[in-house]
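Please keep the sequence at hand while following them.

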Amino acid sequence: MRPFPLVAVSLASPALADFPATLKDHILPGYATFARVATALADSAAQSCATADLQPAFNAACDAWPGVQHLRFGPLEEDGIGLSIDYWPDPKGSGAKAQRGFLLGEPALLEPDTFADQSVAAHGLTGLERLLFPGQPLPADPCALIHATALDLARTAGRISDGWTQT
């Protein structure tokens, strides 16, 4: 008998035993915080689209996300919604292309239920970063897209947080 399987089983058992504590002390509060700051960002975006006005709320969301982004299981992986928060890397620039289409396209695409079904590359924190800190001038006023993206982020963060509380 090789010792490796016994070592692997003995190392896995404490991790399984600590899951309820990890859920209570890390996962639930982490996702609740992320949902709260994402909602605050959406509320701020509803009031103003100015980068200076949104930067504190955007920074808070960016600071909260790393606290839970490593949890690549559970509600975060349902329907691949984790990508709609942080679509990175984007080597083909599909997020910028999709956002250009939104900026020049039909305003109806920015309605919450419709926007949620569009390319995830244009969503989330990475999408907002491109809008708030563009590398090149944007082809149109980004305000409606900023609002739609922030609202979608808040809805997605809430859905993930709610998913964990139902486990």
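Rings of Phe, Tyr and Trp (its six-membered ring) are taken as a pair if their centres lie within 6.5 Å, and the pair is called stacked when the planes are under 30 degrees apart, edge-to-face when they are over 60, and tilted for the rest. By this criterion the structure holds 4 aromatic pairs. The model is a predicted one, in which local features need pLDDT of at least 70 and side-chain atom pairs count only at pLDDT 80 or more, whereas totals for chains, interfaces and linings use all residues. Residues are numbered from 1 along each chain as its sequence is written, and side-chain values use heavy atoms, with hydrogens and water left out.

One of the aromatic pairs joins Phe-58 and Phe-133, which are tilted at 55° between the planes with 6.0 Å from centre to centre. Because Phe-58 lies in helix 3 and Phe-133 in the loop between helix 6 and helix 7, this pair ties together parts that are 75 residues apart in sequence; helices here are DSSP runs (H or I, at least four residues) numbered from the N terminus. Phe-58 is buried at a relative accessible area of 4%, while Phe-133 is partly exposed at 37%, where buried means under 20% relative accessible area, exposed over 50%, and partly exposed in between (1.4 Å probe, protein chains only). The rings of Phe-73 and Trp-164 have centres 5.6 Å apart and planes at 90°, so this pair is edge-to-face. It links Phe-73, in the loop between helix 3 and helix 4, to Trp-164 in helix 7, 91 residues apart. Phe-73 is partly exposed at 37% relative accessibility, and Trp-164 is buried at 4%.

Helix 3, which carries Phe-58, has 14 residues and reaches 19 Å from its first C-alpha to its last, close to the 20 Å expected at 1.5 Å a residue (the expected span being 1.5 Å times one less than the number of residues). Helix 3 bends by about 30° at Ala-57, the bend being the angle between axes fitted to the seven residues ending there and the seven starting there. Its buried residues are Leu-54, Ala-57, Phe-58, Ala-61 and Ala-64, and they pack against helix 2, helix 6 and helix 7.

Beyond residues up to four places away in sequence, Tyr-31 touches, among others, Trp-65, Ile-160 and Trp-164, a contact meaning heavy atoms within 4.5 Å.

Leu-125 in helix 6 is buried at 6% relative accessibility. With the same exclusion of sequence neighbours, Leu-125 touches Phe-34, Phe-58, Ala-61, Cys-62, Trp-65, Ile-85 and Leu-153. The C-alpha atoms of Leu-125 and Trp-65 are separated by 9.0 Å, although these residues are 60 apart along the chain.

As for confidence, the mean pLDDT of the protein (the predictor's confidence in each residue, from 0 to 100) is 90, and 89% of its residues reach 70 or more. Among the elements, helix 3 has the highest mean pLDDT (98) and helix 1 the lowest (51). Over residues 6-10 the pLDDT is below 50, and this stretch has 1 contact in the model beyond near neighbours in sequence. Where pLDDT is low, the predicted coordinates should not be read in detail.

Notes
Helix = DSSP H or I, 4+ residues; strand = E, 2+ residues; numbered from the N terminus.
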